[in-house]
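Please keep the sequence and the 3D view open while reading.

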2 protein chains.
Amino acid sequence: VIIDIQNDFLPGGSLAIPRGNEVLSPLNGYLDLFQRDHLPIFATRDWHPANHCSFREQGGPWPVHCVQNSPGAEFAPALALPPDTEVISADTVPEQATYSKLDRTDFNARLQKREIRRLFIGGLATDYCVRSTVRDARKLGYEVCVLLDAVRPVDVQPGDGQRAIDEMIGLGCRTCTLADLKPQVPPTGTLLTDLYQLTMLQAYHERKMNDTAVFEFFVRDLPGKRDFLLAAGLEPVLDYLETLRFTPQELDWLKKSGHFKAGFVQQLETFRFTGTVHALPEGTPFFANEPVLRVTAPLSEAQLVETRIINLLQYSILVASKAARAVLAAPGKILIDFGLRRAHGAEAGLWAARSAYLAGFAGTATLQAGALWGIPLFGTMAHSFIQAHEDEAEAFESFARSHPENVVLLLDTYDVEAAAEKVVQLARRLEKENIRIRGVRLDSGDLAGQAKHVRMKLDEGGFPGIRIFVSGDLDETSLKSFALGRAPIDGYGIGTRLTTCADAPFLNCVYKLQEYAGQPCRKRSQGKSTLPGRKQVFRLYDARGTMERDILALDSERMEGEPLLKTFMEGGRRVAAPISLESIREHAAEQLRRLPPPMQTLQEAPPYRVEISPALHRLVDEADRRAC
Amino acid sequence: VIIDIQNDFLPGGSLAIPRGNEVLSPLNGYLDLFQRDHLPIFATRDWHPANHCSFREQGGPWPVHCVQNSPGAEFAPALALPPDTEVISADTVPEQATYSKLDRTDFNARLQKREIRRLFIGGLATDYCVRSTVRDARKLGYEVCVLLDAVRPVDVQPGDGQRAIDEMIGLGCRTCTLADLKPQVPPTGTLLTDLYQLTMLQAYHERKMNDTAVFEFFVRDLPGKRDFLLAAGLEPVLDYLETLRFTPQELDWLKKSGHFKAGFVQQLETFRFTGTVHALPEGTPFFANEPVLRVTAPLSEAQLVETRIINLLQYSILVASKAARAVLAAPGKILIDFGLRRAHGAEAGLWAARSAYLAGFAGTATLQAGALWGIPLFGTMAHSFIQAHEDEAEAFESFARSHPENVVLLLDTYDVEAAAEKVVQLARRLEKENIRIRGVRLDSGDLAGQAKHVRMKLDEGGFPGIRIFVSGDLDETSLKSFALGRAPIDGYGIGTRLTTCADAPFLNCVYKLQEYAGQPCRKRSQGKSTLPGRKQVFRLYDARGTMERDILALDSERMEGEPLLKTFMEGGRRVAAPISLESIREHAAEQLRRLPPPMQTLQEAPPYRVEISPALHRLVDEADRRAC
């Protein structure tokens, strides 16, 4: 809610509030954040009749200001209000004066209609309209957060502004500044790119080459045993593109680096991504040569982002695809990502947790992934916990008493069978105190064999409800063999082999120019040739909804089947709110159920059919004739 | 330089400066940063005789203050001055008054002696001693940065403080706040850990188990074709440990997560790493079971950091070890890291650039790695650059004119031999304008065969100085075969296979409890047993300095040979300044020269001998007898 950012209240206006213009920059920052999350924005305005009773000539305290339809009543042009801002006109009755925007307006009704419960309020002036509106909002039961860096007082009496803020806090308001609301996603620095991207940009800049370019990200062939891949990593890419800008420090460094000319670096200050993004929704299976993501943007923008787009998409796809195989190999089991420690750096660990969850894992051990995305967290204890105690039984009991709601005990520090015996004894004792042992974990040796022994011991001891989890060097292949051997295992902690994608740690994936300035482009390098033009994937299903075949066609063609690439970004902005990880997970589950049956059971499957449309074939020939 | 943080100038003192105590917190922050970088710290003090002429009773403007050896002259106890702070006593002569700490003191001489050129100055008061000292420092030619958040004025006349700051800026001073100086390393969040670490910490907290624990990081066996590994990742680990703390947001999230008790989370607020770290210097070869890093710390501190320590060390070691093999496989060639795009996330790309450089690569394509660590940057152009131009020759010329100092042209977009011909023609034309083509790059197909053709074409054309670079799916194996085939290649861009460590994407590496509360610990899990106790590696060399064998012994033993683990951190602080990447790189180069000759040429080598000392053998037996 932006209160009264009107010309009359700003420097030069008839009722200029001291330093009122200082709120413009933070307010524009908030507008940017709220728009990015597709949250509704309300702008209020004083909208007085010419003879309003608050004016001095009518005996009121103020000079004439904000008269309906006068230039002084207009919103400040420097305020970047989006087109769909809802405008609230207030204090419109000649003989009644109010500072509250909730007083005799339809503002409350409009908030109710949208089921809004929480307001973020800034604007002018702290000690009049902001204060009164906040008071009424609190009376009506709204949660209110006052944007401290985006309010300024009139301060008729020095200290009025501060007193108003103290009063609002006393009414239960929270306060924040722009910095508090900045999203806490892993950083996506603009320098996470190759030198040559900027080298090329400088050449483009000098030659004024900046026509529209179309790049597509695709995988040339499926690695290892994969017979499908799962799209993932799109939301991180969209976050990256939306927030892409060079910081002053980065520009400073580029200037000093000796690699670039000053004029070129200078103009990077206003560099933004303004393009369009089409993509497969995360969680959609895809195959070789099918575009996963298409960027349509001025050449320099589309080029600079190549490195980071590949970096983000490749790894998320690798993990999601491998995790999906694990999910298919162990139907009904609880799968947990244990892989942060052996992931390649922190970011890999985080993206792995996200990708595994979207592919159907139940959760992760990585705290930061829980904090960032709300992924359910799982965890037990390490061997060191057992070792740090005088003996194993004491360690089990110590743990159970500290975490009575989630007791899972690690059995393989010294001797598994002896440990299982101790668990039964402890379970009997704790039963009387209503503490239940929920599970045990095995982390070494012959996991299936040990699980059988432990299961028997627990059952014989009267605890068939204690679940068995195993971990240690697992992947979809071992899960499948446990399933075939009917090992009595309830859940799996899957780490290293998943987060390093050990059997296929990279994809032959590229981000290639397919069209420039309206002309299709084709690379003909040995073994690395590409299909030109803007492409779409059309998917055909059989009567039961099972995937049958795809047609790779030009985007301009209308083919039978479901077009898979959707529009996610236009003009550098998401076209809709970010998709929640839960929705993506549901989509992925539904998509996996539609895979051809052999793929669902990790059987050797005949390659999935991907046909190339006749028009696309013709374009290849045409591009070859054109190229020199 | 900390000016006059003495009791008399703080609230309650005889000449208390308004809000003077507000400088304490930022100054302690600066002290922390400067100590971390082992930069010298100077604290000045007013050190007046009892009859100083500036006192009112002597006709001066001020009350009696800071009389030598009086409590009021002491440094504020809340200021965290390190023991080696240099103290400057000023204004000590009864009949002369000065505000400048450079006036009639040995301060300038002491700065000169240490060859200090730049001063960061904060303290009290802005408009007197800070201003006068800064004036003199500028006159003496020092660069000065005024710590804006760590100065406060007397403001005898309102605005004096602001005017003093304006004056200092006018004298050419820079200004900064604590936030500006915070190191720009990739973030090392405290939540980059597993849930179970905190679960265990809560149990330890409740049982008050926090005796000294000793954990060691080691690799159980060498993966793939490796016959040695190269230590790397230590400096990032030390950075992580030194800065480890829970932010208010993290504590807030932990409280709300539902996994922990409030009292436990509360006390995490003061959690710091206070332990000792011994480690192999980065760039040192090592073998299976040898400790690479040893942490000695209270149990909770040593436990929490497990996940991130493994995460940081494993990947840096993987890349450094593989990069070292590439360096050994291609002596005299220029090797460049091209791998960010296919690395597993951004952090992997950055650590890979660092590890490859320390192992002997010439540089990287990753801009951010250049910005963070000053690693030399290399780069040419992408195929898209060629494709975006009307024709290839035009693209070459456009690039050459934009970057006349570093012209490297990509030949394989359409037809390599035709492209080489165009390069010769362009080189002839540009020669007249003194623009030199430095190199060409091949990125697909039969690289060795094409290189021979291109070399011939360039030589025949009269350009034997144009160098040939190749890239595309390379690793040490392909480099070795190019060397054997005498391919005329001058440099290599190595990407995917290096940054994903494709042939061995993880290490069987662990961070294990070896001793707790003075008792050696041993895990006996099947295939995962450990050697107990604090260990040291002693390395023996032959007469020519070549590595001969290692002895793995207890740290308390004195064996022949060079002890490899050094002390890097004590009490949670580095014992010396961070080692520069250049020094690490030199150390690594020297170490690689001392490898047994078969390892130097990537021949099949007999396994390197690592003996276990008799005392360590005895401790294994003892720990086995003790364990229950």
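Ser471(A) lies in strand S16 (residues 467-471) of chain A, where strands (E, at least two residues) and helices (H or I, at least four residues) are DSSP runs numbered from the N terminus. Ser471(A) counts as buried because its relative accessibility is 2%; buried means under 20% relative accessible area, exposed over 50%, and partly exposed in between, with a 1.4 Å probe and protein chains only. The model is a predicted one, in which local features need pLDDT of at least 70 and side-chain atom pairs count only at pLDDT 80 or more, whereas totals for chains, interfaces and linings use all residues. Residues are numbered from 1 along each chain as its sequence is written, chains are lettered from A and ligands numbered from 1 in the order in which they are written, and side-chain values use heavy atoms, with hydrogens and water left out.

The side chain of Ser471(A) makes a polar contact of 2.7 Å with the side chain of Arg441(A), and another polar contact, of 2.8 Å, joins the side chains of Ser471(A) and Asp443(A). A polar contact here is a pair of N or O atoms within 3.5 Å; within protein, one must be able to donate a hydrogen and the other to accept it, and residues adjacent in sequence count only if both atoms are side-chain atoms. With neighbours within four places in sequence left aside, the residues in contact with Ser471(A) include Phe338(A), Leu447(A) and Gly493(A), contact meaning heavy atoms within 4.5 Å.

Strand S16(A) also pairs with S17(A) in the parallel sense over three bridges, two strands being paired if DSSP finds at least two bridges between them. The bridge partner of Phe469(A) in S17(A) is Gly491(A). S17(A) is joined to strand S12 (residues 334-337) of chain A as well, by four bridges and again in parallel, and there Leu335(A) stands opposite Tyr492(A). From strand S17 (residues 491-494) of chain A, Gly491(A) and Gly493(A) point one way while Tyr492(A) and Ile494(A) point the other way, and all are buried.

For chain A as a whole, there are 22 helices and 25 strands, and buried residues make up 60% of its 628 residues. Among its contacts between residues at least 6 apart in sequence, 75% join residues at least 24 apart.

In chain B, six strands form an open sheet with parallel pairing, in the order S3-S2-S1-S4-S5-S6. Strand S3 (86-90) and strand S6 (174-176) of chain B stand at the edges, each with a single partner strand, so one side of each is left without a neighbour in the sheet. Strand S2 (residues 42-46) of chain B pairs with S3(B) over five bridges in the parallel sense, and Phe42(B) has Glu86(B) as its bridge partner in S3(B). Helix H3 (residues 126-139) of chain B packs on the sheet, touching S1, S4 and S5 of chain B, and its direction makes about 165 degrees with that of S4(B); axes are lines fitted to C-alpha atoms, for helices over the stretch in contact, and angles run from 0 to 180 degrees between N-to-C directions.

Which elements do the buried residues of H15(B) pack against? They pack against helix H6 (195-207) of chain A, together with helix H14 (383-388), strand S14 (407-410) and helix H16 (416-431) of chain B. The buried residues of helix H15 (residues 392-402) of chain B include Phe396(B) and Phe399(B). Asp391(B) caps the N-terminal end of H15(B), with a side-chain oxygen 3.0 Å from the backbone nitrogen of Ala393(B).

The structure holds 24 aromatic pairs over all chains, two of which are tabulated here. Rings of Phe, Tyr and Trp (its six-membered ring) pair if their centres lie within 6.5 Å; planes under 30 degrees apart count as stacked, over 60 as edge-to-face and the rest as tilted.

| Aromatic pair | Class | Centre to centre | Angle between planes |
|---|---|---|---|
| Phe260(A) and Phe264(A) | tilted | 5.9 Å | 45 degrees |
| Phe215(B) and Tyr511(B) | stacked | 4.8 Å | 15 degrees |

Phe260(A) and Phe264(A) are both buried.
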